[in-house]
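Work through the exercises below with the sequence and the model open. Each task is followed by a solution in steps.

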Protein chains: 2
Amino acid sequence: MNTPTGTRDPEITRERILDAAHDLFVERGFAAVSMREIALRSGVTKSLIHHHFGHKEALWERVKERAFAAYAEGQEAELRAAEDPDADLLKNAITRYFAFLQANPGVVRLFAWTHLDEDQSCGRLDAELVRLGAERIRQAQERGLFRADVNPAHVVTMFVNGCTQWFEARAHHSQWPGVGDDQAYLDDFLKIFMDGVLPPEREEDA
Amino acid sequence: MNTPTGTRDPEITRERILDAAHDLFVERGFAAVSMREIALRSGVTKSLIHHHFGHKEALWERVKERAFAAYAEGQEAELRAAEDPDADLLKNAITRYFAFLQANPGVVRLFAWTHLDEDQSCGRLDAELVRLGAERIRQAQERGLFRADVNPAHVVTMFVNGCTQWFEARAHHSQWPGVGDDQAYLDDFLKIFMDGVLPPEREEDA
DNA sequence: AACTATATTGACCGGTCGGCCAGTTAGTAA
DNA sequence: TTACTAACTGGCCGACCGGTCAATATAGTT
């Protein structure tokens, strides 16, 4: 850290500041990070950060905005790549989402900080994602591939919650007896979840 | 707030301080709360807090310790009250846990702050709870009531995660299209989860 | 070469932070 | 009464906080 840009390009400078701020905020949260630390890490002066972003709060907003935009963009690309909703597609979507969170622990922490702020800015960006995912589920329901008595949006929410909280509370349930590693949990999660969304075989209907 | 104890009972004073610190820490997190605020809210001097608890960090630890102990104690009482593990018992356990988190949003936030700290102290207290719950699941598996091809500890983890994250990310998915209220989510969660843990009807085994 | 716009700096501001400490008050036991 | 202990107070400390501002440096324009 603290490698001055040399260049006088404001775009590059802003990116350097955002990168440093991102890392620090994700690691320790908004309140525990000082502008001086961000300045030091990004190799610019504190005053320059104020020049480019104004207040500390505004910088935090920009950091979140950028991170969530990148997140939503990447997830949407993955989602659109897939076609023809069926059970395997859902299974793959969950597996990929789980792997994404596994590879990007910063995203999980950013969500957690944002939720504690009761900040709703992240929900606006992926609302379209959820809408699209729920639509796919609904199509599968119409074809009789999934049970029709559940809200498609809840199916999406349920698997997102299951994946997110696994990584968010990792330090917590790593202390629980019998809990396995990422892969073992994902396997069991998929067994229960995927069988749970199948249509009931033939018990009663009314 | 700021009603001086009058009494000179250190036990009462400590409780007052812990109560005030609890509320503030849960609401805004460790870094964003000052000793002065805690002093004001609890009606004692800042110096007195240092006298009783030492550093700010030590106070935070005590707050968490006390809250998690109360949590674990309450949950264990609920768990031990129930007998004879079967599907309805699990369903009731989930419903009660969900209702508990709904009624105690502070617990959810406390868990979230603790996870972000990567603090493992909360996991030690409820490890016994999870062990007990997993044991019940295992018994149900042996009786053929639940599928036997999943780790019982994962069954517990999965429903805890599903409930916790629902409340933690409430502000987030309240912005998602089609997502319903607490009861609607719980209903769908139970449908999928409870059917998912049943033994597979008769498809293939090997 | 002069001018302009802005990126960038360093010094500085009032305020708040966590923590310390000398002193006061009030119970308690000899 | 006296002596001791611990609860409790108010004032102070140096460090650090976010933010401002006047001055400087540099790239681009005329």
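**Exercise 1.** Find the residues that surround DNA strand C and sort them by element and class.

Solution. Step 1: DNA strand C is surrounded by 19 residues, and the closest are Thr13(A), Thr45(A), Ser47(A), Ser34(B) and His55(B). A residue counts as near a strand if its C-beta atom, placed from the backbone, lies within 6 Å of it. The model is predicted: local features need pLDDT of at least 70 and side-chain atom pairs count only at pLDDT 80 or more, while totals for chains, interfaces and linings use all residues. Residues are numbered from 1 along each chain as its sequence is written, with chains lettered from A and ligands numbered from 1 in the order in which they are written.

Step 2: Two or more residues each come from helix 1 (10–28) and helix 3 of chain A, and from helix 2 (35–42) and helix 3 of chain B. Helices here are DSSP runs (H or I, at least four residues), numbered from the N terminus.

Step 3: By class, this surface near DNA strand C has five nonpolar, nine polar and five charged residues. Ala, Val, Leu, Ile, Met, Phe, Trp, Tyr, Cys and Pro count as nonpolar, Asp, Glu, Lys and Arg as charged, and the others, Gly among them, as polar.

**Exercise 2.** Which residues are closest to DNA strand D, and which helix supplies the largest share of the surface near DNA strand D?

Solution. Step 1: Among the 20 residues that surround DNA strand D, the closest are Ser34(A), His55(A), Thr13(B), Thr45(B) and Ser47(B).

Step 2: Helix 3 of chain B supplies the largest share, four residues.

Step 3: The classes are five nonpolar, nine polar and six charged for the surface near DNA strand D.

**Exercise 3.** Describe the contact between chain A and chain B.

Solution. Step 1: On chain A, 54 residues are in contact with 54 residues of chain B (contact: C-beta atoms, placed from the backbone, within 7 Å).

Step 2: Helix 8 of chain A gives the most to the side of chain A that touches chain B, with 11 residues.

Step 3: That side of chain A comprises 26 nonpolar, 18 polar and 10 charged residues.

**Exercise 4.** How do helix 6 and helix 8 of chain A pack?

Solution. Step 1: The angle between helix 6 and helix 8 of chain A is about 100°, and their axes are 10 Å apart. Axes are lines fitted to C-alpha atoms, for helices over the stretch in contact, and angles run from 0 to 180 degrees between N-to-C directions.

Step 2: Helix 6 and helix 8 of chain A are therefore roughly perpendicular (65 to 115 degrees).

Step 3: Pro105(A), Val108(A), Phe111(A) and Ala112(A) of helix 6 meet Thr164(A), Phe167(A) and Glu168(A) of helix 8.

Note on methods:
Two residues are in contact if their C-beta atoms, placed from the backbone, lie within 7 Å. Angles under 35 degrees count as roughly parallel, over 145 as roughly antiparallel, 65 to 115 as roughly perpendicular and the rest as oblique.
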